[in-house]
Amino acid sequence: MTPRQWYRFTALALTVGAVDLASKMWASRALLQRPMDLPGPLDLRLGYNRGIAFSFLTDMPVAVIVILTSLIAVALAVAAARGSAPLLPAGLIQGGALGNLVDRTHNGSVVDMLQTSFWPTFNLADVAICTGAALWVLKSSRRSPRANESNPPTTPLTHSDSHT
């Protein structure tokens, strides 16, 4: 990874984390008294999640979740630095992890505010993490030109090539 790519990755992660934390600060104040019903499928309702995605592992101690999240964030940064992770998806995931990590470290839980009738309440960090993961899957499902160069197509055996 070039220094410029590292700068972009870091800037994206920090921006996503900052926007997520700002939205959580806003929601903690604006939605405390009452939720906001919006037109369409999305409403704003204040919630707190002590667990991880979809309130999974709510009984796990906060310190364990913080340590695991930190280890994953470090591993992701190392993978990005080594060029093993696509920068845009990794930056989105890293920024979402950073926002949730800071929030959980400060509050012992994560502030959620985006609610639909068909999905658990979530936040902007969750949006960034899921978007980054989806982009990573899409990116890795496409074959790179280098992969095609290292595996040249094989020609099928013809009758004259086989000695049966």
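The model is predicted, so local features need pLDDT of at least 70 and side-chain atom pairs count only at pLDDT 80 or more, while totals for chains, interfaces and linings use all residues. Residues are numbered from 1 along each chain as its sequence is written, and side-chain values use heavy atoms, with hydrogens and water left out.

The secondary structure comprises five helices and two strands. Helices (H or I, at least four residues) and strands (E, at least two) are DSSP runs, numbered from the N terminus. Along the sequence the pattern reads α-β-α-α-β-α-α. The protein has 164 residues, of which 30% are buried. Buried means under 20% relative accessible area, exposed means over 50%, and partly exposed lies in between (1.4 Å probe, protein chains only). Contact means heavy atoms within 4.5 Å. Among contacts between residues at least 6 apart in sequence, 67% join residues at least 24 apart.

Charged pairs come next. Side chains of opposite charge can pair when their charged atoms come close. A salt bridge is a side-chain nitrogen of Lys or Arg within 4 Å of a carboxyl oxygen of Asp or Glu. By this rule there are four salt bridges. One of them joins D20 to K24, with N and O 2.7 Å apart. D20 and K24 are four residues apart in helix α1 (residues 3–30), so about one helical turn separates them. Both D20 and K24 are buried. K24 also forms a salt bridge with D103, where the closest N and O atoms are 3.5 Å apart. This pair links distant parts of the chain: K24 lies in helix α1 and D103 in helix α3 (residues 87–107), 79 residues apart. K24 and D103 are both buried.

Another salt bridge pairs the side chains of D43 and R45, at 4.0 Å from N to O. D43 has 17% relative accessibility and therefore counts as buried. R45 has a relative accessible area of 26%, so this residue is partly exposed. Salt bridges that share partners join D20, K24 and D103 into one network.

N100 is buried because its relative accessibility is 11%. Its side chain makes a polar contact with the side chain of K24, at 2.7 Å. A polar contact is a pair of N or O atoms within 3.5 Å; within protein, one must be able to donate a hydrogen and the other to accept it, and residues adjacent in sequence count only if both atoms are side-chain atoms. Leaving out residues up to four places away in sequence, N100 touches D20, K24, V110, N123, A125, D126 and I129.

W6 and F9 are three residues apart in helix α1, about one turn of the helix. An α-helix has 3.6 residues a turn, so residues three or four places apart point the same way. W6 is partly exposed, with a relative accessible area of 35%, whereas F9 is buried at 4%.

Helix α4 (residues 124–141) has 18 residues and should span 26 Å at 1.5 Å a residue. The expected span is 1.5 Å times one less than the number of residues. The end C-alpha atoms of α4 are 26 Å apart, which agrees. In α4, A125, A128 and G132 are buried. They lie on the same side of α4 because they cover an arc of only 60 degrees around the axis. The arc is that of the directions from the helix axis to the C-beta atoms. On the other side of α4, V137, L138 and S141 are exposed. The buried residues of α4 pack against α1 and α3.

N123 caps the N-terminal end of α4, with a side-chain oxygen 3.0 Å from the backbone nitrogen of A125. L135 also has its place in helix α4. L135 is partly exposed, with a relative accessible area of 30%. Apart from neighbours within four places in sequence, L135 is in contact with L88, P89 and L92. The C-alpha atoms of L135 and P86 are separated by 9.0 Å, and these residues are 49 residues apart along the chain.
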